[in-house]
Amino acid sequence: MNDQLIIFDTTLRDGEQSPGASMTREEKLRIARQLERMKVNVIEAGFAAASNGDFEAVKAVAEAIKDSTVCSLARANENDIRRAGEAIRPARSGRIHTFIATSPIHMEKKLRMSPDEVVAQAVKAIGWAREYTDDIEFSAEDAGRSELDFLCRIFEAVIRAGATTINVPDTVGYNVPEQFAATIRSLIERVPGSDKVVWSVHCHNDLGLAVANSLAAVRAGARQVECTVNGLGERAGNASLEEVVMAVRTRKDIFLCDSRIDTTQIVPASKLVSGITGFPVQPNKAIVGANAFAHESGIHQDGVLKHRETYEIMRAEDVGWTANKLVLGKHSGRNAFRSRLQELGIVIGSEEQLNHAFARFKELADKKHEIYDEDLQALLSDESYEPKEHFRLVSSSFHSETGETPCAKLTLSVGGKEANSESCGSGPVDAAFKAIEVIADSGTQLLLYSVNAITTGTDAQGEVTVRLSKDGKIVNGQGADTDIIVASAKAYLNALNKLHAKLERLNPQV
C-alpha cells in the first residue's frame with residue numbers, strides 16, 4: 001500500500017465559495033505561496049471558466065508556483081476544459097480537475113441527462129483535457145448519494161479514457177464514516193484499473209463529519225484528501241487540512257501513510273487565510289485554535305509540567321505555534337525587519353512595499369513596548385501596506401463621554417485628494433463609519449463587525465473585520481491598531497477599497 005498521502009488544497013477554489021470569502025488575485029497569490037512553503041502537493045487555484053478574474057488568478061498562480069501542482073476545476077464541457085487548460089499552461093506541473101454529477105437526483109433534476117449521456121460526456125471531457133496535460137482528475141459530483149454500480153461504470157470508463165486521479169466527493173456531507181469507507185473499499189475492489197489511479201475524497205462538513213469521513217476513506221485505501229485551511233468552504237465548510245494532516249501524522253500506526261506537509265507552516269497558513277478572508281478561527285478549533293495547546297485545569301497543568309505527553313499528543317512547535325517575540329524596536333534596521341518576516345514566511349513583493357511595511361512597523365513600535373509575531377502577521381494581513389489605495393485614513397479624532405453622543409472627525413485621502421468629515425453615532429465606531437460614509441457615500445450594507453485581540457495585554461493590537469455588501473458583491477475588510485476605533489476605521493476603508501477595485505475592473509472609468 002502506497003504510504004504517501006497526497007494533500008490537495010482547495011482553499012482558493014472551494015474555500016473561496018464561502019459567502020464573503022472572495023479573494024483578489026494578489027491575495028490568492030499570497031496564500032498559494034504559503035501553501036507551497038507548506039509543501040502542499042496540489043493547489044486548486046480556482047475555476048478558470050467562472051470569470052475572467054478567476055482565469056487570471058489561476059494563470060497567475062500557475063506562473064508563480066514551482067514546487068506544487070497547480071490545478072483548475074472545470075465542468076465536463078469543452079469550453080470549461082479549454083479555459084482550464086489555458087490557465088494552467090504556464091505551470092511547471094499542471095492538472096485539470098473535471099467533474100460531472102452522478103447521483104440520480106442530480107442527473108435527472110439538474111443535468112437532465114440519462115446515465116448513458118453522463119458517461120459519454122465524462123469520457124469526452126477526459127479527451128479534451130488530455131490535449132493540455134497528462135495529469136487529469138475526474139470527480140463524480142454527489143458521489144455520496146450515487147448508486148455504487150453506476151459509479152463503478154463511470155469510473156471504469158474515465159480510467160480507460162486517461163484519468164489519473166479518481167475523486168469520490170461527499171458533496172452535500174451526507175455520508176457517515178463507516179458507510180463512506182465501505183464505498184471507497186468497494187470501488188477500489190470492483191473498478192477495473194483501480195490500481196492505475198490515485199483514489200481521492202472530497203468531503204463536506206454539513207453533519208460535522210468531513211474530517212472523520214476523509215480519514216475513514218484513507219484507511220480504506222484513498223491516497224489523496226481534498227481539504228482547505230481552517231476547514232473553509234461553502235455551507236459548513238470542507239475537511240480541515242490541519243486536522244487531516246496531523247491526525248495522519250500523529251497516528252501513522254493506524255493510517256499506514258503520511259503526507260509530505262511541513263507542519264510548522266500550518267499555523268502561519270491558518271493566520272494568513274483567516275486574515276485575508278476575515279473568518280476568525282474559533283479558540284477551541286483543533287490544531288490552530290488559540291486554546292489548542294492551552295491547559296487550565298490544575299490536574300492537566302501538573303501533568304504537563306511533569307511530562308508534556310501526559311496531556312499533549314502533539315508539540316505546539318510542530319504545527320507552527322511559537323512563543324518567540326520579535327526583539328526589535330524603533331531603532332532596528334530594515335534588514336533585521338526583513339529577516340524576521342522571512343522567518344515567519346511573510347513575502348514582501350517589492351522594495352516599495354517593504355519600505356511601506358517598515359514604516360508601519362516603526363509606527364507600531366512607538367505605540368507598543370513588545371511586538372509579537374502575531375502583531376507582524378496582522379500588520380501585513382490587511383493589504384494596507386500596498387501603496388495604491390483609493391481610500392486612506394489620514395487622521396482621526398474621536399470623542400466619547402458618559403451622557404454625551406459619541407462623535408468622530410476624520411480626514412481621508414480619496415484618490416489622492418484629502419477630504420474632511422464628522423459625524424455622531426450610537427458609539428465611537430458607529431460615528432467613525434458614518435463619518436467615512438459622509439465622504440464615500442458607498443451605498444453599502446454592513447453585514448458583520450467583529451473584533452479580536454491579537455496578543456495579550458492592555459497594549460495589544462485589536463484586529464477588526466468588517467463585511468460589506470453592495471449589489472450582490474460581498475467583501476471583507478481588515479484593520480489592526482492598538483486603538484480599536486482606528487482599527488475599525490481602517491477595516492471599513494479596507495473593505496471599501498476592495499469594492500472600489502472590483503468596480504474599477506468592471507468599469508475602468510470609475
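These legends go with several close-up views of a predicted model.

Strands pair up through backbone hydrogen bonds, and they can do it in a parallel or an antiparallel way. Here 3 strands sit in the order β14-β15-β16, and their pairing is antiparallel. Look at the two edges: β14 (445–453) and β16 (473–481) each have a single partner strand, so one side of each has no neighbour in the sheet. From one strand to the next, the twist averages 15°. Now follow β15, residues 462–470, along β16: 9 bridges join this antiparallel pair. To pick out one of those contacts, find Val 466, whose bridge partner in β16 is Gly 477.

Four side chains to find here are Leu 446, Tyr 449, Val 451 and Ile 484, which make a nonpolar surface patch of about 300 Å². Which element gives the largest share of the patch? That would be β14, with 3 residues. Ile 484 belongs to helix α17, which covers residues 484–506. With a relative accessible area of 30%, Ile 484 is partly exposed.

Side chains of opposite charge can pair when their charged atoms come close. The model has 30 salt bridges in its count, and one of them joins the side chains of Arg 13 and Glu 44, at 3.1 Å from N to O. Arg 13 is in the loop between β1 (6–9) and α1 (25–37), while Glu 44 is in strand β2 (residues 42–46), so to speak a link between distant parts of the chain, 31 residues apart. Are these two residues buried or exposed? Both Arg 13 and Glu 44 are buried. Asp 14 joins in as well: Arg 13, Asp 14 and Glu 44 are linked in a network of salt bridges.

**View D. A salt bridge spans about one turn of a helix.**
In this view the side chains of Arg 82 and Glu 78 meet in a salt bridge, with 2.9 Å from N to O. Both residues belong to helix α3 (residues 78–88), and because they are 4 residues apart, about one helical turn separates them. Arg 82 is partly exposed at 24% relative accessibility, and Glu 78 is partly exposed too, at 35%.

**View E. A salt bridge ties a strand to a helix.**
Glu 141 and Lys 110 form a salt bridge here, and their closest N and O atoms are 2.7 Å apart. Since Glu 141 lies in strand β5 (residues 136–141) and Lys 110 in helix α4 (residues 104–111), the pair ties together parts that are 31 residues apart in sequence.

**View F. Aromatic rings pair up.**
To describe a pair of aromatic rings, you give the distance of the centres and the angle of the planes. The structure holds 7 aromatic pairs. Take Phe 337 and Phe 358: their ring centres are 5.4 Å apart and their planes are at 55°, so this pair is tilted. Phe 337 is in helix α13 (residues 334–343) and Phe 358 in helix α14 (residues 351–367), which puts the partners 21 residues apart, in distant parts of the chain. Phe 358 also pairs with Phe 361, and this pair is stacked, with 6.1 Å centre to centre and 25° between the planes. Phe 358 and Phe 361 are both in helix α14, 3 residues apart, or about one turn of the helix. Phe 358 is buried at 11% relative accessibility, and Phe 361 is buried at 0%. Elsewhere, ring pairs link Phe 138, Phe 155 and Trp 199 into a cluster.

β1 and β8 run parallel and are joined by 4 bridges. β7 (residues 198–203) also pairs with β8 in the parallel sense, over 3 bridges.

Key. Residues numbered from 1 in each chain as written. Predicted model: local features only at pLDDT ≥ 70, side-chain atom pairs only at ≥ 80, totals over all residues. Heavy atoms only, no water. Pairing = 2+ DSSP bridges. Axes fitted to C-alpha atoms, helices over the stretch in contact; angles between N-to-C directions. Patch = residues over 30% accessible without salt bridge, like charges linked within 9 Å, V, L, I, M, F, W, Y side chains within 5 Å. Areas by Shrake-Rupley, 256 points an atom, 1.4 Å probe, with all protein chains shown as cover. Buried < 20%, exposed > 50% of the residue type's maximum accessible area, 1.4 Å probe, protein only. Phe/Tyr/Trp six-rings, centres within 6.5 Å; stacked < 30°, edge-to-face > 60°.
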